[in-house]
Structure formats: C-alpha cells, structure tokens
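User: Please walk me through the model shown here, taking one topic at a time.

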2 protein chains.
Amino acid sequence: MNGAESLLGTLVKAGVDVCFANPGTSEIHLVDALDRCPRMRSVPVLFEGVATGAADGYARMTGNPACTLFHLGPGLSNSLANLHNACRAQVPMVNIVGDHATFHRPLDPPLASDIEAIARPFSRWQASTRRAEDLGRDGADAVAAARTLPGRIATLIVPADAAWGDGGKIAEVHAPASPPRPDALRIEEVASLLRNGQRTALVLGAHTTEGAGLQAAARIAAKTGARLLAPFTFARMERGAGRPVVERIAYVTEMAVAQLAEFRQMILVGAPAPVSFFGSPFRSSILTSADCKIVTLANADEDCAGALDQLAAALGADKTEPQLQHRETPRAPPTSSLLDSIPGTVLQLVPENAIIVDESITSGRGLMGATQGAAPHDWLVNTGGSIGIGVPLAVGAAIAAPGRPVLCFEGDGSFMYTLQALWTAARLSLPITTVIFANRVYAILKLELMAAASNPGPRAMNALDLAPPAIDFVALSKSLGVPAVRATTPEEFATALRRGIEGKAPNVIEVPV
Amino acid sequence: MNGAESLLGTLVKAGVDVCFANPGTSEIHLVDALDRCPRMRSVPVLFEGVATGAADGYARMTGNPACTLFHLGPGLSNSLANLHNACRAQVPMVNIVGDHATFHRPLDPPLASDIEAIARPFSRWQASTRRAEDLGRDGADAVAAARTLPGRIATLIVPADAAWGDGGKIAEVHAPASPPRPDALRIEEVASLLRNGQRTALVLGAHTTEGAGLQAAARIAAKTGARLLAPFTFARMERGAGRPVVERIAYVTEMAVAQLAEFRQMILVGAPAPVSFFGSPFRSSILTSADCKIVTLANADEDCAGALDQLAAALGADKTEPQLQHRETPRAPPTSSLLDSIPGTVLQLVPENAIIVDESITSGRGLMGATQGAAPHDWLVNTGGSIGIGVPLAVGAAIAAPGRPVLCFEGDGSFMYTLQALWTAARLSLPITTVIFANRVYAILKLELMAAASNPGPRAMNALDLAPPAIDFVALSKSLGVPAVRATTPEEFATALRRGIEGKAPNVIEVPV
C-alpha cells in the first residue's frame, strides 16, 4: 500500500468520504488511489475557491468535515478566500495539499513556494508529512483536529514521494479533543443575570443557531424573556414555521445600533461581542449601548450547546415550551416592482426542508426578514465577508443533504468570483436554483462611496460599475451546462422559481435589477 | 490632502499610473481619490487573479510596475496564484491592499485576517502603513523596491484610516538600489570557458531574452558558437524574423535531457540550472548531463544585461554580427487535421509586432517551434506553472502596448481559472484574439496519470475530465461581452484568426480538439 492509498483509506475510515478536488501532477498518485478507495467520492471543481466553499457548505449541513485536494502552493492560494470564510464559519475541513517530492523541492522548480506559510493564516492545524508510512497517522490527526469544536481547518501537506512511496498504513481513528465546559460558577453567574429583570439578549454563535443548542436557547428565552440574536455572520440557522425565532443583527451600523439599544445585558454564546463590519471615521465600531453589560457564557472553543443546556437547567427551563414561529403566507402583493415582489414569492414557495444560501448583498436585504414564517428551512450566509461563496456553498450543501432543495440568492458581483461552481452543479445534477440579482454594479460599494465622499466623482463611480458590458447571466449559465431564464416581472419570477424548484436539477434565474 | 490622495499622487509621480483594481469598503477612499488623481488609470477586474496576471503582463511589456488594489486579506488571497507566477517572472509590481482601520482591526471583525502573513510568501518587499502622513513615503519606497532588478513584488498594506486621514504628503521619488555587477574575474572565467572549444549553452533568464541583453547574447553566440537557450519558463522573448534565435528548454523531461545532452558547459545568466518541472520516481530531476560544467555569469539580482555586454567585450564580440532568423512561410498544408494546421496558420498570420501569450499546454505544444520564422513578435508564457494566467496576461500586455495586436492561446482548463478577464478585455475593447483549445480534459494530467499508473482506473480518469457538461466557450465568451466563433476546420480557423486580428477588438475562437 502506498502513502496515497493509506491516506484515502484513513480518511474514509474516519468518516471523511467526500473530496472536492482540483489536483495536478504532484497529486496524481492520490488521484490514482481513488480506484482503490471506492468509498471516497471525488467531486471535481474547476477552481479551488469552489472546493473550499463547497467543503464549508458540506460541513455546515453535516457537522462533518469534507476534504479538499489542491495542487501545491498556488492551488492552495486559490482556495484561501473561501477558507477565510470557512474559518469564520467555524466548520471542520481537511485540506490535502500536494507538494513537490522532498528531493525535488530544494531545487526550487517553477511551482515551488512556501506552502507551509501559505497555509498558516487560515489553518488551525497543519502538518507536512515526509514519509509514506506517516501519511495515515497524519491524516487521522488532521481529521481529529478538524473535528475539535466548534470545527477547525486542518491542512495536511503531502509531498509527492510520500504519496507514491511504499509502506503506507491505514491509521487508527481517534476522537477529537473534548471541548472544555464552562464551570458551574459561570453558568450560575449568567443564570442570575437572566433572573434580574433587565432587558437581555442571548447572542448565538458557534453552531447554536441549530440543533440542540438552538432548542436550549429557545427554552431559556421562553422562560426568561431574553431575546435570541445571531451575529450578522452565522454558519447556519434553522428557521421558519415551527422553529424558534432568532433575530439577525443588522449589517448597517445605524440599524444594528438601533436594534441593540434596548439591551442592558448581552450574553455571548460562542459569539463575539457585536462590532460593525467596517470601521468608520464617523461612527464607533461598537454596536451595543455604553451601559450594556456583556458577559460570555461560553467561548467558541467550549461546548456551547452543552453550556446552554446547563443554563436552561439552572433556570429551571428544561421543560419550558419554546415559542415557535407560525407559518405565514404572503399578503396580496401591493406592488408591481419585481424586486419588491421577490421576498413574498420566496416566502410562499420555499419548500419544506429547503436549504437557502444567501449572498444577495444589497438586492436581497429584505429576503431574510420576509421569510421568517416560511416552511421550515436552513439559512446559510457568508460568514467572513469574502464574496464569492454562494454557489460553492450551495454545491456543498446539496451534496451533504441529498434530496433537499437548495435555493441560492446571489449578487452579480459576488457570483462572478466563483462562477465555475455552476459547472460542478451541472456535472452532478444538483438541485440548486440560483437567483442572480443583476444590478450590474457593486451596489454596496457605491453606497459606501457616497457615505465616504459627499460628492463622488465620475471616475470613482465608474470604477464600481459592472457594465458595460452587461453580463448575460442566462447565456453564461447555459454555457456552463445549467439551464437559465430571465425573469422581468413578478409573475415571471414566481413561475421561474416554482419550475426551478420542481425541476430538481440545477437552474439559474437572472433578475435584472 | 488625505492619505489616499498622497499615495495615488506619489505613485503617478513615480511613473506608476495603471491600477488593476478590485476594491471594497476599506479601500473606498482610494477609489474616491481617483477623481483627484486623473493621471492614475483604474482598470476594473471582476476577480483579483486577473489583476495580478494583468499587472504581470503590463510589467513584462513595459519593464515598469503597474499597481493593483485589493480588499483586505481575502482580496489579496485571490490574487496570490498569479502573484506566484509574477514572482517567477521577476517583474516589478506594487500591490496596494486595504486593511481595516487601525482601531477596528483589533476588534476582529469578520473580514479581519493576518494580511501581513498572507502577503509574505509572494512579496519581496512589504510594509503596513499606520498613518496618513507616511503613505506617500511608503508608496515611493514600494515603487523603488519593485524596480530593483530584475523586478520585484512590493506589497503595501493600507489601513482605511491611513487612507482617509489628513496630512498626506506626496513623496519624493527615489531610484531603486543599483544592481551589483559581476566582477571582472567572473567575466574572465566565463570568457575563457567560451574560448575552450567545448559545446556550450548560454541559458538566458532575468529578462535577457529581450532588449540589450538578448542582443549581447546573440553577439556572443555568433562569435563563440555557443547556443542560446531559455528556461521553459521565461517572462518574454523577442523572436521571429530578424531576431536572434533562442531555443526553449523542453517541458517533457526526456526531451529536455536529450536537448541538453550535447552540452559540456552551461553558462547561467540570471537563470537557474535546468531542472524538471516535477520530480519523478523514475527519473532524475537534473536535466543536464553529469559531465556538464555549470557556471553562473550573473545572478538574477545582478545586472544581467550589463554582464552580457561585459562578456561580449571580453570576447571581442562587441561588433560581431549576430545570426538572425529568416522569415519563413508555411509549407503547403499536408494535413487536414484542424489541430495540426494551426501552427502553420499562426506562422502565416502573426502580424508584425504582435504579442503572443501562450498557455495552451498540451494542445499548443507545436506552436512555438513552428512560429520561429513568423513576423517579429513577443512571446509570453506562464512562468510559475500556476495555470490561469493567459487572458489576464494578455489584458495587461494590451494595455501596456496600445496598438499592438495580442494573440492568446489557452487550454480550456487553464482558461476557466480566470475567465473573468474576458470581461475586462471587453470593457476596454482590447485587441486580444483568444484561441481556446477545447479538449475538455486536463490532458496533461491524464498523461501524467498514465505515466504514474500502468493501468489507471475509471474513477481517476473521470476526475480529470472537463465534460460533461461540455462548456460552450462561444456562448460563454459572448455572455461576457466578447464576440466568439467556433472553428472546426483549418479553413474556418484561418478565417477566424484573420478576422479576429483585423477586428482590433476582443474576440474568442473556440477550437474543439
């Protein structure tokens, strides 16, 4: 057994059996090993940023790491922007990066680079394996590191001769390090705050907007009157009819400040204290009011869901019935504007158990609020602010959750960073309906420019335009194998969305804004 | 004057007046400053890898740095793969990377990352400016660093408050550090080797396949009988009728070994000793024969063109007439195969003074050899092996050399990494004819797979396919604003290439392989 076979064998033994791959020559023995490791599913991508975005989406939906396969330093480099987002999503992921053979790299061939240094900013764990016999063990360590709560990026660098060398051994899988639990004193301190009658927010991070953590938080809220908030950037939120209501902290600083003004106490659950997305010469970066007391129930590296359970118990809220969202249906449309009609249409048409990926930036700002009472679904957003994650995330989520429909709302500017993801969606016939809001401008930047400069000049404004030429997203999508339509009226959009979902195959709807 | 204005003002004063930009909120004051710095030309790109590829192409054609503008760590991350190539091309480039305001970054907002660490692997010079009053000076230092021979990557990190802050000062421009010159002893040692009658190769790196360096090398070759070689990866070669002949070292290891077998002496001019692109379990990485003596005339950081001049003088070759390539015309086509016909068609149709960018990988292997006797032109290749540089390089070259026609030969796999470059070509109406060889497979990897494994399995082979779905490159190009045709016969290709060149506007020719 060569090193490559032992690595793939160890990964699947550890439950890591999806690989988003863009290999090259130095990884060719890992590719070759696929036929002797049939349980490893290889998903081809045309650009590495698609792989990390998809592995992120996969991890958000399963809690389990996928692996990626990249070609040397440049391949890893192309993956970094969405790796940044994955770091911020706190998901598990195992990156396999090929390197030159150990005897070849010191010769400094054209593709040599300092892979270790490239990996470091976005890896919580990393290793470079020198020998075939160590690859299995390092692979097992990578998986355990990735699974350490709340989810970590692990990067394993594999020289070609470690992959092709003999002596590979499939390693024993071991459990990730147990997360520390907040001590009883901290639980009691927070419980006493929740009993003092002050207006209190619980800010849910580190995967507590889903699963057992969310349920515990909802019981606490029902018992104490605390409000449940999520940071503007969260990995996944279970929401819709029959689910607890978690309010997202607004992106626009003034709105967030207004939203948080009432709170005198804020309890952080694996979430950072709320700050604005960007600093400003005109406003403070801090979103909470000056007299809001901020305490931490649990850090992201601690067992946050467990801490919420402990807290619920301390409050006597174990059996409290959480307040759940009712199903809502759209009001009669009072508008003939296409853009204004979309939230209501989505509210109506979101299928049960859908996965919604939202990277619609300015055009889609009303979507999340309007769909609170839709059929139950998961909502995934960009966690790190590096745009170009939407369709990759949708690809990974669709692979993670077969049979569940995926809706992806994209800004045109964001979409263009990783449009190659459509090809993978087509290759795998994934049931993803992508809505592209084509306003043909980096609209959020024009807003920022107008806020920064009282009277921005034409050259600055022009630098933020996405036309001319106006990209034809229908033709673009079709060229990559994904059927597409353009919706120019509310009725056309509703028809396209319904058909797109029913088709159970990738499709794109261009919405000219 | 704010910091942003002082930075742009300093850059244009230093002769850096083209900016390939993909800014975000933290760079909005630099965007705003464009209207008060009309000499700075901002070129929009939809993905950062396009920017670094274009800045590379610009630098290869002018010898002068362009600047780039990126949004925080993720924006810089997206630029790195082509920055790797630019490092290997040894071109000057100034990257401007926005950062959060200095008071905001410690709050660890979602877009925060260790920008300095991300920049380091591919920057020879870098700085993070804290105050508006230092931005001009740091900008001038960045330009001087970039211009230090043979050309370096300089990265300047600009916090938003340094950009918006008052007190900016346009800085004095200063000259780059003078390159060391090889001492007389070294020149004499190399000259005596060239007189000893042994079979000798001169390997030309560090921009000596163009300009004065190439002319001096050609005189030396004519005087001594030495052969002129270029590494497989070179930044730019002046070639065609009326130019000296420089032979490129082959990519395929066996071919390169055969090509270099005759040489008993090799003189390196700013070039590394030839090694194979990848290490192999079956072959040595060293391409020269064991008894070939390898000596260095000048390192890349030294004045290589000057060293060649000194060497020519030492050999009495100052006035020697170099041997120059004759104009060749294609023989009557003996083939009806489309792919086989293309080199001859290109030989015939390359316009005088064209710029040819070649990232055609397997499909275009015959192109360079066949066009040795074409009208005089420049040939640019991928220098670092990170694919996805072709069209970006063409965009930068077209901006650098207005009026010169650009031909870009692309593999379909490579093209898909940075296809966003077509949009910039359309936006600026750049005269670039892009030929996409659509073989719908990572063909070079299938060759490597078959070399590595005697009988590769279907899952490995499938992982290297680019279809289904078969990308429609004609529709894709049109969707991005670039007219396109598909050529399926030699005649159709010849017609399309002629019309494409004559049109003096961006166009794409898909060649199904």
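This is a predicted model: local features need pLDDT of at least 70, side-chain atom pairs count only at pLDDT 80 or more; totals for chains, interfaces and linings use all residues.

Analyst: Residues are numbered from 1 along each chain as its sequence is written, and chains are lettered from A and ligands numbered from 1 in the order in which they are written.

User: What distance separates the centres of domain 1 of chain A and domain 2 of chain A?

Analyst: The assignment, automatic or from a database, places domain 1 at 3–164, domain 2 at 184–314 and domain 3 at 338–512 of chain A. Taken over C-alpha atoms, the centres of domain 1 and domain 2 of chain A are separated by 34 Å.

User: Is strand 6 of chain A buried or exposed?

Analyst: Strands here are DSSP runs of E with at least two residues, numbered from the N terminus, and a residue is buried if 20 or more other C-beta atoms, placed from the backbone, lie within 10 Å of its own, exposed if 12 or fewer, and partly exposed in between. A:Ile153, A:Thr155, A:Ile157 and A:Pro159 point one way, A:Ala154, A:Leu156 and A:Val158 the other way, and all are buried. Because 7 of the 7 residues of strand 6 (residues 153–159) of chain A are buried, the strand is largely enclosed by the rest of the structure, and the answer is buried.

User: Which residue stands opposite A:Ala154 in strand 6 of chain A?

Analyst: Strands pair if DSSP finds at least two bridges between them, and strand 4 (residues 93–99) of chain A pairs with strand 6 of chain A in the parallel sense over 7 bridges. The residue opposite A:Ala154 is A:Val94.

Technical notes:
Helices (H or I, at least four residues) and strands (E, at least two) are DSSP runs, numbered from the N terminus.
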